[in-house]
Amino acid sequence: MGCAISGLGLAPKPTGEAKDEEAAATHLSEEQIEMIKESWKVIQEDIAKVGIIMFVRLFETHPECKDVFFLFRDVEDLERLRTSKELRAHGLRVMSFIEKSVARLDQLERLDQLALELGKNHYRYNAPPKYYGYVGAEFICAVQPILKDNWTPELEEAWKALFMYVTRIMKQGYLEEEKHKRNTLVTSRERPEKKNTAL
């Protein structure tokens, strides 16, 4: 399909390289925010299509990601995935998250809270952070043909920056939830449940 993930900078990286990019992703310029918002107006017209393309490509390029989705785990036929109501529904949920993220670009505290909660939810779904960057990369590949001549290297950098930012916060939420669950388990083992022994 002509869009290579390795060149997008969203796939997992060696530790030192990832830290450099995380630092760069903590800030989106006003120009980048405006470019994202303008391009979103076009993208949202094909929101369901983008969601399906994004996940079919994800499963094509990274079949190991299907293990996280119990509904699609055993589906080998990509054509069946393209017509799956469940995949369409999940794609729409992800696109809705992206839409909310775009709407909150001027209110980073709200965007942070949204991404943090999504990361915590992904811990509960057993969807580890190593896959998050792949979704952003496939989103970028899916929207390029829709935006046609409006797609520029600067717009690509803006979307990459947004996905790196959101992915970093989601990972933080995932790790917070993991730590919370671990502490809850340790605490419950240390304090056995009291039984009523009164007669």
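Tutor: Let's start with the word contact: two residues are in contact when heavy atoms lie within 4.5 Å. In the protein chain here, residues 24 or more positions apart account for 77% of the contacts with a separation of 6 or more.

Student: What kind of model is this?

Tutor: A predicted one, where local features need pLDDT of at least 70 and side-chain atom pairs count only at pLDDT 80 or more, while totals for chains, interfaces and linings use all residues. Residues are numbered from 1 along each chain as its sequence is written, and side-chain values use heavy atoms, with hydrogens and water left out.

Student: What describes two packed helices?

Tutor: The angle between their axes, together with the distance between those axes. Each axis is a line fitted to C-alpha atoms over the stretch in contact, and angles run from 0 to 180 degrees between N-to-C directions. Take H5 (residues 85-103) and H6 (residues 108-124): their axes come within 9 Å and cross at roughly 155°.

Student: Which residues make the contact between H5 and H6?

Tutor: H5 brings Phe97, Lys100 and Ser101, and H6 brings Leu111, Leu114, Ala115 and Leu118. By class, that's five nonpolar, one polar and one charged. Nonpolar here covers Ala, Val, Leu, Ile, Met, Phe, Trp, Tyr, Cys and Pro; charged covers Asp, Glu, Lys and Arg; the others, Gly among them, are polar.

Student: At what angle do H2 and H7 cross?

Tutor: At roughly 75°, with axes that come within 10 Å. That makes H2 roughly perpendicular to H7. Ser39, Trp40, Val42 and Ile43 of H2 meet Phe139, Val143, Ile146 and Leu147 of H7. This contact has seven nonpolar, one polar and no charged residues.

Student: Is Ser39 buried or exposed?

Tutor: Go by relative accessible area: under 20% is buried, over 50% exposed, and partly exposed is in between (1.4 Å probe, protein chains only). Ser39, in helix H2, counts as buried at 6%. Leaving aside neighbours within four places in sequence, Ser39 is in contact with Leu147, Leu155 and Trp159. For the protein chain, buried residues make up 44% of the 199 residues.

Student: What does Ala142 touch?

Tutor: Ala142 is in helix H7 (residues 132-147) and is buried, with a relative accessible area of 3%. Not counting residues up to four places away in sequence, Ala142 touches Val50, Ile53 and Met54. The C-alpha atoms of Ala142 and Ile52 are separated by 9.0 Å, though the two residues are 90 apart along the chain.

Student: How many salt bridges does the whole structure have?

Tutor: Twelve, counting each case where a side-chain nitrogen of Lys or Arg is within 4 Å of a carboxyl oxygen of Asp or Glu. One of them pairs Lys37 with Asp106, with the closest N and O atoms 2.2 Å apart. Lys37 is in H2 (residues 30-43) and Asp106 in the loop between H5 and H6, so the pair ties together parts that are 69 residues apart in sequence. Lys37 itself is partly exposed, at 21% relative accessibility.

Student: Where do Lys66 and Glu76 lie?

Tutor: Their salt bridge has its closest N and O atoms 3.9 Å apart. Both residues sit in the loop between H3 (47-61) and H4 (78-82), ten residues apart. Lys66 is buried at 7% relative accessibility, whereas Glu76 is exposed at 65%.

Student: How many residues apart are Glu117 and Lys120 in helix H6?

Tutor: Three, about one turn of the helix. Their side chains meet in a salt bridge of 3.9 Å, N to O. Glu117 is partly exposed at 33%, and Lys120 counts as buried at 16%.

Student: Which residues are linked in a network of salt bridges?

Tutor: Glu60, Glu79 and Arg82.

Methods. Helices (H or I, at least four residues) and strands (E, at least two) are DSSP runs, numbered from the N terminus. Angles under 35 degrees count as roughly parallel, over 145 as roughly antiparallel, 65 to 115 as roughly perpendicular and the rest as oblique.
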